[in-house]
Amino acid sequence: MTTSAISALSPLDGRYAAKLAKLRPPMSEQGYMHRRVQVEVAWFIALSDCGFAEFKPLTPGARTYLLGLVKNFTEIDAKAIKTIEKTTNHDVKAVEYWLKSKFEGRPELVAAQEFVHFGCTSEDINNTSHALQLKAGRDLALLPTMDAIIAKLREMAHAFATVSMLSRTHGQTASPTTVGKEIANVVVRLVAAREKIASVKLMGKMNGAVGNYNAHLSAWPEFDWEAFSRKVIETPEPLGLGLTFQPYSIQIEPHDYMAELFDAVARANTILIDWSRDVWGYVSLGYFKQKLRDGEVGSSTMPHKVNPIDFENAEGNLGLANALLRHMSEKLPISRWQRDLTDSTVLRNMGVALGYAVLAYQSLATGLGKLEINEAAIADDLDSSWEVLAEPIQTVMRRFGLPQPYEQLKKFTRGEAMTRELMQGFITGLDLPEAEKQRLLAMTPGSYIGKATELAKRV
């Protein structure tokens with residue numbers, strides 16, 4: 001059976017395939033194969049420069065050819081490796097054999113072919129490949145999509161900085177804020193979470209079967225293999241890998257940095273789940289309307305409906321992403337003794353976890369782009385909630401030493417429908433300096449917003 005978008009088992013490769021085009025190249029099985037070839041080539045070229053009599057420095061032509069194998073790697077090459085794997089039943093060995101097959105007709109490379117994968121265990125190639133995959137996935141798909149959300153939210157925070165609205169602590173009317181300030185809260189949180197994601201150092205190790213350079217030292221005991229490994233790992237691409245050197249490991253890189261990265265992404269996702277639910281609620285209250293799209297159907301039976309589906313899709317996919325990310329962050333740093341294989345199958349789902357996150361970010365961005373503020377509905381709510389001025393009135397009463405200000409306002413307002421006339425009547429009867437009394441009389445629910453506008457414009 002040939003898999004198509006409609007027959008794919010995963011919705012990431014089916015229904016949503018087109019939306020994940022940027023993530024697929026680095027995070028797919030082909031991307032994994034590509035990165036393995038990159039690591040093998042970088043190690044091979046670097047070995048030629050070690051000064052070993054048995055492996056002379058490669059010529060410029062040979063280096064260009066090898067780097068071209070990485071640069072021009074295609075799906076045909078990945079399938080050729082998979083064909084070899086059917087015989088070897090070992091994916092890394094299949095990469096080694098494929099690379100050696102590309103040396104045919106090039107005597108210089110054929111003579112040196114046993115230095116491909118020299119001293120390496122499979123995990124030397126795999127762990128660095130995983131780090132390169134995450135580097136590309138983070139830089140090409142995850143962060144740019146998140147940055148688009150941050151930019152849109154910042155734009156909205158500034159645009160709506162002066163639009164007063166009721167807060168709803170515990171779901172009840174509370175001290176007013178502005179629409180822009182509530183969005184600014186999300187921007188600040190998300191920027192901090194984004195910085196955590198971007199700052200995680202992606203690590204790699206190339207130190208042999210149990211992390212001690214055993215095989216390397218058996219061949220050249222006097223050579224500084226640790227310094228060489230660090231150089232290959234930390235030298236920028238394409239001659240190196242551009243990663244951070246991991247000096248201590250068992251057979252596998254400890255994966256602590258992966259846990260840190262996945263936890264950081266999950267925290268950002270949690271912030272966006274919180275925001276998706278808030279927007280959903282504001283749409284329900286009528287604070288936001290959604291732009292209509294010709295031909296779109298909200299319900300198969302209720303023609304009037306315009307559902308907040310983008311925010312619902314975002315919430316659902318963020319939850320799926322976090323379920324996988326949190327499992328990986330808890331599982332991957334654990335390995336029995338010097339190595340077990342439980343991490344291998346889990347790591348193959350890195351792209352799935354990040355795929356659900358990127359898909360959610362796209363849904364959220366689409367939803368934000370369709371929102372239109374309904375200032376009339378927001379103003380109506382404010383105008384019917386004069387009780388929120390109980391807070392500033394009792395606070396001013398406290399300043400001037402009036403007796404039991406909180407208790408007076410509690411008795412006057414709690415559970416009662418407050419109007420402008422009632423609140424202003426209460427203020428008029430207070431023994432306050434006239435200037436303070438006039439200031440309170442001029443106050444409305446819409447003007448009682450503190451520094452909200454300033455804070456919104458600051459992000």
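This is a predicted model: local features need pLDDT of at least 70, side-chain atom pairs count only at pLDDT 80 or more; totals for chains, interfaces and linings use all residues.

A crossing is called left-handed if the near helix is turned anticlockwise from the far one by less than a right angle, and right-handed if it is turned clockwise. Two packed helices are described by the angle between their axes and the distance between the axes.

The pair to begin with is helix 7, which spans residues 122–159, and helix 11, which spans residues 256–285; they pack at an angle of about 20 degrees, and their axes are 12 Å apart. Because angles under 35 degrees count as roughly parallel, helix 7 is roughly parallel to helix 11. The crossing in which helix 7 passes helix 11 is left-handed. On the side of helix 7 the contact is made by N127, H130, A131, L134, R138, L142, M146, I149 and L153, and on the side of helix 11 by Y257, M258, L261, F262, V265, A268, L272 and W275. Sorted by class, the residues of this contact between helix 7 and helix 11 comprise 14 nonpolar, 2 polar and 1 charged.

Helix 7 also meets helix 2, which covers residues 29–48; the axes of helix 2 and helix 7 come within 8 Å and cross at roughly 120 degrees. That angle makes helix 2 oblique to helix 7, and the crossing of these two helices is right-handed. Here G31, Y32, R35, R36, Q38, V39 and E40 of helix 2 meet D124, I125, N126, T128, S129, H130, L132 and Q133 of helix 7. What is the make-up of the contact of helix 2 with helix 7 in nonpolar, polar and charged residues? The contact of helix 2 with helix 7 divides into 4 nonpolar, 7 polar and 4 charged residues.

Helix 17 passes helix 18 in a right-handed crossing, with Q408, L409, F412 and T413 of helix 17 making the contact with L422, M423 and F426 of helix 18. By class, the contact of helix 17 with helix 18 has 5 nonpolar, 2 polar and no charged residues.

Helix 18, residues 420–428, can also be looked at by burial, for its residues M423, F426 and I427 are buried. These residues cover an arc of only 100 degrees around the axis, which puts them on the same side of helix 18. The cover over the buried residues of helix 18 includes helix 16 (390–399), helix 17 (405–413) and helix 19 (434–442).

Individual residues come next. S363 is placed in helix 14, which runs over residues 350–370. Is S363 buried or exposed? Its relative accessible area is 8%, and because buried means under 20%, S363 counts as buried. Once neighbours within four places in sequence are left aside, S363 is in contact with D310, N313 and A314.

H255 lies in the loop between strand 4 (244–245) and helix 11, and this residue is buried, with a relative accessible area of 1%. Leaving aside its neighbours within four places in sequence, H255 is in contact with L332, P333, D343 and L347. H255 and M328 are 73 residues apart in sequence, while their C-alpha atoms are 9.6 Å apart in space.

The backbone deserves a separate look. Most residues other than glycine have a negative phi, and most peptide bonds are trans. H255, although it is not a glycine, has a positive phi of about 70 degrees. W337 is another residue other than glycine with a positive phi, in this case near 45 degrees. W337 lies in the loop between helix 12 (309–331) and helix 13 (342–347), and at 78% relative accessibility W337 counts as exposed, whereas H255 is buried. Finally, a cis peptide bond joins E237 and P238, with omega at about 10 degrees, and P238 is found in the loop between helix 10 (225–234) and strand 4.

Methods
Residues are numbered from 1 along each chain as its sequence is written. Side-chain values use heavy atoms; hydrogens and water are left out. Axes are lines fitted to C-alpha atoms, for helices over the stretch in contact, and angles run from 0 to 180 degrees between N-to-C directions. Helices (H or I, at least four residues) and strands (E, at least two) are DSSP runs, numbered from the N terminus. Angles under 35 degrees count as roughly parallel, over 145 as roughly antiparallel, 65 to 115 as roughly perpendicular and the rest as oblique. Contact means heavy atoms within 4.5 Å. Ala, Val, Leu, Ile, Met, Phe, Trp, Tyr, Cys and Pro count as nonpolar, Asp, Glu, Lys and Arg as charged, and the others, Gly among them, as polar. Buried means under 20% relative accessible area, exposed over 50%, partly exposed in between (1.4 Å probe, protein chains only). The arc is that of the directions from the helix axis to the C-beta atoms.
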